[in-house]
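Hi everyone, thanks for coming.

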Amino acid sequence: MQGVLTGFAVIAVVIAVGYAIGRRGYLGDQGREVLTKLAFHVASPALLFTTLAQTDLSVIFSSRLLVTALSTAAAAGVFVAFGVVRHWGVGRTTIGALCSSYVNSGNLGIPIAVYVLGDASLVAPVLLFQLVGVTPVALTILDLSGKGEKGPLWRRLLTPLRNPIAVGSLAGVAVSATGLRIPAPVLDPLTLIGGMSVPAVLLAFGISLCGSTMPGRGPDRHPVFLSVALKSVGQPAAAWALAAGVFGLRGAPLLDVVVTSALPAAQNLYTYASSYRVAERLARDSILLSTVISVPVLVVVAALLG
């Protein structure tokens with residue numbers, strides 16, 4: 001259980017620091033916005049590029065990735081269905097679907113993979129799938145939902161290539177696929193810049209909690225509760241059913257896919273919502289609640305399958 005507790009403790013401390021910064025006003029009124037833009041436009045693309053450029057892409061060809069993809073699609077699909085029926089809108093439905101299925105595979109998934117699963121590389125398939133598959137699609141939908149009526153069709157089809165997160169991810173995959181070696185004078189500055197991504201996201205998230213009401217209240221309470229239920233219970237349950245019932249996984253491989261699916265919603269989803277100025281409260285509340293609930297969920301999963 002040390003890995004679960006350690007991973008959450010690290011995140012909680014950094015968020016608490018962000019909250020203290022916000023309460024004291026050290027970064028001024030625009031502090032959260034500056035950190036969000038820094039993470040979205042500079043630090044996160046650098047982190048994704050350096051991470052994927054040095055990752056073995058052969059990990060994507062595995063049954064574990066199929067379980068991840070199918071359980072992600074199941075959780076997101078349920079939220080989208082509700083969003084369509086309840087007329088929640090494209091932007092809110094997209095953010096809610098991400099909060100229902102996009103796991104914190106980076107700053108929380110890596111330490112948990114190390115301490116609970118014993119191998120940090122086990123989180124790589126999830127990281128790659130989300131960065132290369134889910135993120136470009138989701139951000140393209142958000143781009144088109146706000147600008148879909150403007151410009152010619154060819155320009156709208158090239159929307160992913162104008163998004164810094166997508167560009168960083170796809171560039172990293174291209175470098176890894178071609179086997180190119182990036183010179184240290186180029187890689188080291190990018191690695192240094194990328195190191196700001198996770199702290200910036202967590203600090204901005206902490207600042208956003210200042211003066212906020214209790215999560216799960218207000219007009220977004222139904223989408224929040226649905227996304228948290230899907231993320232904390234629905235997705236890991238779907239992963240377990242698929243892994244054990246369809247792909248016949250047992251032992252450590254089964255534990256790996258269920259643990260990674262039970263991770264809470266990623267903090268960078270708040271960055272996306274804030275950058276596009278859509279469903280910010282939904283993202284914030286879903287991330288906060290799923291992070292709190294995932295602690296006992298991960299403990300139970302590790303106890304039952306470990």
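Let me begin with a question: is R284 buried or exposed? Keep in mind that this is a predicted model. R284 turns out to be buried, because its relative accessible area is 11% and the cut-off for buried is under 20%.

So who does this arginine pair with? The side chain of R284 meets D285 in a salt bridge, at 3.1 Å from N to O. D285 is itself buried, with a relative accessible area of 2%. D285 also forms a salt bridge with R281, and there the closest N and O atoms are 3.6 Å apart. D285 and R281 are four residues apart in helix α14, so about one helical turn separates them. R281 is partly exposed, at 26% relative accessible area.

Now, how many salt bridges does the structure hold? There are seven. Another one of them joins R277 and E33, with the closest N and O atoms 3.2 Å apart. R277 is exposed, with a relative accessible area of 57%, whereas E33 is partly exposed at 24%.

Finally, the serine I promised. S261 lies in helix α12, which covers residues 252-261. S261 counts as buried because its relative accessibility is 2%. Beyond its sequence neighbours within four places, S261 is in contact with several residues, including S71, V103 and K231.

Thanks, friends, and I'm happy to take questions.

Definitions and conventions. Residues are numbered from 1 along each chain as its sequence is written. This is a predicted model: local features need pLDDT of at least 70, side-chain atom pairs count only at pLDDT 80 or more; totals for chains, interfaces and linings use all residues. Side-chain values use heavy atoms; hydrogens and water are left out. Helices (H or I, at least four residues) and strands (E, at least two) are DSSP runs, numbered from the N terminus. Buried means under 20% relative accessible area, exposed over 50%, partly exposed in between (1.4 Å probe, protein chains only). Contact means heavy atoms within 4.5 Å. A salt bridge is a side-chain nitrogen of Lys or Arg within 4 Å of a carboxyl oxygen of Asp or Glu.
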